[in-house]
Amino acid sequence: MQRILAKAGITLGGLALAVGSTTVVAPTAQATGTSTTAHFEGKTIDLSKDWGAAKACNVQRGVIDCFRTAKESDTKAAQQAKTASPSAAQGYCSTPLRLYEHANFNSSPYPQGRILSFYDSGYWQNLGDYGFNDQTSSYKTGNCATSFAKDNDGRGSNPSPVYVGAWKSDGYMGNGSWNDLVSSIALY
């Protein structure tokens with residue numbers, strides 16, 4: 001098996017790309033030891049490994065809070081928005097980019113899936129850090145515009161990064177052409 005993976009240019013823990021005589025390894029969260037911890041019902045969970053019973057997580061001002069339902073997630077975000085200072089509002093969207101694990105915003109006939117909401121703006125965020133790489137099947141933007149990219153850190157081609165304005169939504173990720181292909185996002 002190891003010989004087969006080596007011939008294909010794949011190493012365990014990441015994807016290897018052969019460039020001349022040099023091999024470049026693109027790390028994965030597990031390969032680099034990166035973990036993204038979140039608060040869930042008084043405990044700490046590592047989203048890069050397993051969400052457990054959590055179904056909705058908010059990434060907001062460097063803190064990640066997870067909940068069993070989207071309604072609990074919305075309630076917490078509304079409470080935090082009321083107490084935000086004007087200086088804390090920089091680099092922050094008052095309404096989130098919401099990524100859904102399944103098409104049609106996790107609504108019937110699709111199964112209930114996870115929801116990942118981002119409020120922080122101004123930089124690329126890699127979805128693999130949240131256990132959500134190549135998992136987005138629908139989205140809703142909030143008051144901030146968004147860019148989606150196929151690879152980490154805003155990179156990728158075929159399809160190349162896509163800019164989406166504020167207050168937009170797509171229940172089928174570009175009629176399926178972007179389904180389960182998003183690896184990083186940025187809010188503006």
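Two strands pair if DSSP finds at least two bridges between them. The strands themselves, like the helices, are DSSP runs numbered from the N terminus, with at least two residues of type E for a strand and at least four of type H or I for a helix. With that in hand, let's walk through the structure together. What you see is a predicted model, in which local features need pLDDT of at least 70 and side-chain atom pairs count only at pLDDT 80 or more, while totals for chains, interfaces and linings use all residues. Residues are numbered from 1 along each chain as its sequence is written, and side-chain values use heavy atoms, with hydrogens and water left out.

In general, strands of a sheet pair through backbone hydrogen bonds, either parallel or antiparallel. Strand 6 (residues 56-60) pairs with strand 7 in the antiparallel sense, over five bridges. As part of this pairing, Ala56 stands opposite Phe67 in strand 7. Strand 7 also has a parallel partner, strand 4 (residues 37-40), joined to it by two bridges. There, Phe40 has Cys66 in strand 7 as its bridge partner.

How enclosed is strand 7 by the rest of the structure? Four of the five residues of strand 7 (residues 63-67) are buried, so this strand is largely enclosed. Here buried means under 20% relative accessible area, exposed means over 50%, and partly exposed lies in between (1.4 Å probe, protein chains only).

Now follow the chain through the turn. Strand 6 and strand 7 form a hairpin, with two residues between them. Arg61 lies in the loop between these strands and, although it is not a glycine, has a positive phi of about 55°. Most residues other than glycine have a negative phi, and most peptide bonds are trans. With a relative accessibility of 30%, Arg61 counts as partly exposed.

Where else can you find a positive phi? Glu41, which is not a glycine either, has one of about 50°. Glu41 has its place in the loop between strand 4 and strand 5 (43-46). The peptide bonds hold something to look at too: the one from Ser108 to Pro109 is cis, with omega near 10°. Pro109 lies in the loop between strand 8 (92-100) and strand 9 (115-120).

Next, look at the charged side chains. Side chains of opposite charge can pair when their charged atoms come close. How many salt bridges does the structure hold? There are five salt bridges, each being a side-chain nitrogen of Lys or Arg within 4 Å of a carboxyl oxygen of Asp or Glu.

One of them joins Lys49 and Asp46, at 3.9 Å from N to O. Lys49 is exposed, with a relative accessible area of 66%, whereas Asp46 is buried, with 15%. The side chain of Asp46 also makes a polar contact with the side chain of Ser48, at 2.6 Å. A polar contact is a pair of N or O atoms within 3.5 Å; within protein, one must be able to donate a hydrogen and the other to accept it, and residues adjacent in sequence count only if both atoms are side-chain atoms. Ser48 is found in the loop between strand 5 and strand 6, and this serine is buried, with a relative accessible area of 8%.

Another salt bridge links Asp74 with Arg98, their closest N and O atoms being 2.5 Å apart. Asp74 lies in helix 3 (residues 70-82) and Arg98 in strand 8, so the pair ties together parts that are 24 residues apart in sequence. Asp74 is partly exposed, at 35% relative accessible area, while Arg98 is buried, at 12%.

In a further salt bridge, the side chains of Glu101 and Arg114 meet at 3.4 Å, N to O. Both residues lie in the loop between strand 8 and strand 9, so the pair ties together parts that are 13 residues apart in sequence. Glu101 and Arg114 are both buried.

Our last stop is an open sheet of four strands, which has the order 10-15-12-13 and antiparallel pairing. Strand 10 (124-126) and strand 13 (162-164) stand at the edges with a single partner strand each, so one side of each is left without a neighbour in the sheet. The partner pairing of strand 12 (residues 146-149) with strand 13 is antiparallel and has three bridges. Within it, Thr146 stands opposite Val164 in strand 13.
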